[in-house]
Amino acid sequence: MNDQQHPGVRPARPHTKVTDDGRRQREVLTYARRGSRLSSPRQQRGWETYAERWVIPDDAVDEPGFAWSDWFGREAPLIVEIGGGVGEATAALAAARPSYDILSLEVWVPGVAESMWRVGEAGASNVRFCSVDAVWTFEHLLAEGSVAEVWTFFPDPWHKTRHHKRRLVNEDNARLIASRLAPGGSWRLATDWLEYAEQMREVLDAEATLEGGVVERWGERPVTKFERKGVAKERTITDLAYRRVT
């Protein structure tokens with residue numbers, strides 16, 4: 001937990017943060033919440049079959065002594081996915097990594113439901129889903145040096161200039177996420193928005209604890225609907241990979 005919190009004040013839930021004097025103030029979010037209605041049979045099946053076992057309720061993270069291992073049922077290297085969408089990458093990558101625990105942070109409930117269906121169809125059982133804000137989660141629930149990998153595939157580009165402040169990859173978030181990586185741990189990213197790719201590279205190149213840059217497309221990452229849309233619109237797909245070096 002953040003040791004800079006005001007004494008006696010619990011960590012702020014997503015959508016607010018606590019100032020040094022204990023006041024709560026609304027913060028800029030990197031995502032927009034969408035509807036929660038399950039709209040397809042497989043989303044319904046995914047939720048009914050797996051939610052009780054695989055979804056970590058938002059209020060669970062506030063319980064004293066909360067530990068990820070209690071929800072995974074074991075101690076294993078942890079991979080954190082920020083924004084899993086409908087789980088196309090989640091399912092394939094998790095199935096290929098049974099010795100890892102995969103924490104998928106996704107706020108869109110139908111996406112979580114479909115992701116669970118996909119993970120189940122892939123025969124994987126090492127993924128847990130949580131809809132708590134990713135930045136808040138990294139700050140309050142993940143210890144320094146505790147994460148083996150981070151995946152951020154096709155995050156919202158917030159392409160309008162006035163919305164750039166909502167982009168996930170900025171100086172503060174890069175420093176935070178890098179600090180949670182174990183030495184040698186990696187952060188893989190992909191985007192179909194060239195200007196955002198350039199910002200990602202500029203921000204991550206400037207983070208002293210990371211080294212890396214633009215790389216060839218990661219062959220293990222399946223082509224998702226977001227990538228297909230980008231290709232259809234003739235956008236450049238950019239993969240980046242960084243490693244924590246200090």
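**Exercise 1. Find which residues have the most contacts inside the largest nonpolar core, then look around one of them.**

Solution. Start with the core itself: the largest one has 36 residues, and Leu103, Phe138 and Trp187 have the most contacts inside it. A nonpolar core here is a set of buried Ala, Val, Leu, Ile, Met, Phe, Trp, Tyr and Cys residues joined through side-chain atoms within 4.5 Å. Buried means under 20% relative accessible area, exposed over 50%, and partly exposed in between, with a 1.4 Å probe and protein chains only.

A quick word on the source: this is a predicted model, where local features need pLDDT of at least 70 and side-chain atom pairs count only at pLDDT 80 or more, while totals for chains, interfaces and linings use all residues. Residues are numbered from 1 along each chain as its sequence is written, and side-chain values use heavy atoms, with hydrogens and water left out.

Next, take Phe138. Skipping neighbours within four places in sequence, Phe138 is in contact (heavy atoms within 4.5 Å) with Val80, Ile82, Leu105, Val150, Leu176, Ile177 and Arg180. Finally, there's another core apart from this one, with 21 residues, including Ile79, Phe129, Phe154 and Ala190.

**Exercise 2. Work out the order of the strands in the sheet, and what stands at its edges.**

Solution. Strands are DSSP E runs of at least two residues and helices are H or I runs of at least four, numbered from the N terminus; two strands pair if DSSP finds at least two bridges between them. On that basis, eight strands form an open sheet with mixed pairing, in the order β3-β6-β5-β4-β7-β8-β10-β9. The edges are β3 and β9 (210-215), each with a single partner strand, so one side of each has no neighbour in the sheet. Packed on the sheet is helix α7 (residues 194-206), which touches β8 (181-191), β9 and β10 (238-244).

Now zoom in on β6 (residues 127-130). Val127 and Phe129 point one way, Arg128 and Cys130 the other, and all are buried. Strand β3 (residues 55-56) pairs with β6 in the parallel sense over two bridges, with Val55 partnered by Phe129. Strand β5 (residues 101-105) also runs parallel to β6, joined by four bridges, and Ile102 stands opposite Val127.

**Exercise 3. Describe how helix α4 packs against α1.**

Solution. First the geometry: the axes of α1 (residues 41-54) and α4 come within 7 Å and cross at roughly 85 degrees. That makes the two helices roughly perpendicular, a label that covers 65 to 115 degrees. Axes are lines fitted to C-alpha atoms, for helices over the stretch in contact, and angles run from 0 to 180 degrees between N-to-C directions. Then the contacts: the α1 side includes Trp47, Tyr50 and Trp54, and the α4 side includes Val112, Met116 and Trp117.

**Exercise 4. Is helix α3 largely enclosed or open?**

Solution. Count the buried residues in α3 (residues 88-95): six of the eight are buried, so the helix is largely enclosed by the rest of the structure. They are Glu88, Ala89, Thr90, Ala91, Leu93 and Ala94. Their cover includes β4 (78-82), β7 (147-153) and α8 (225-232).

How values were computed
Parallel < 35°, antiparallel > 145°, perpendicular 65-115°, else oblique.
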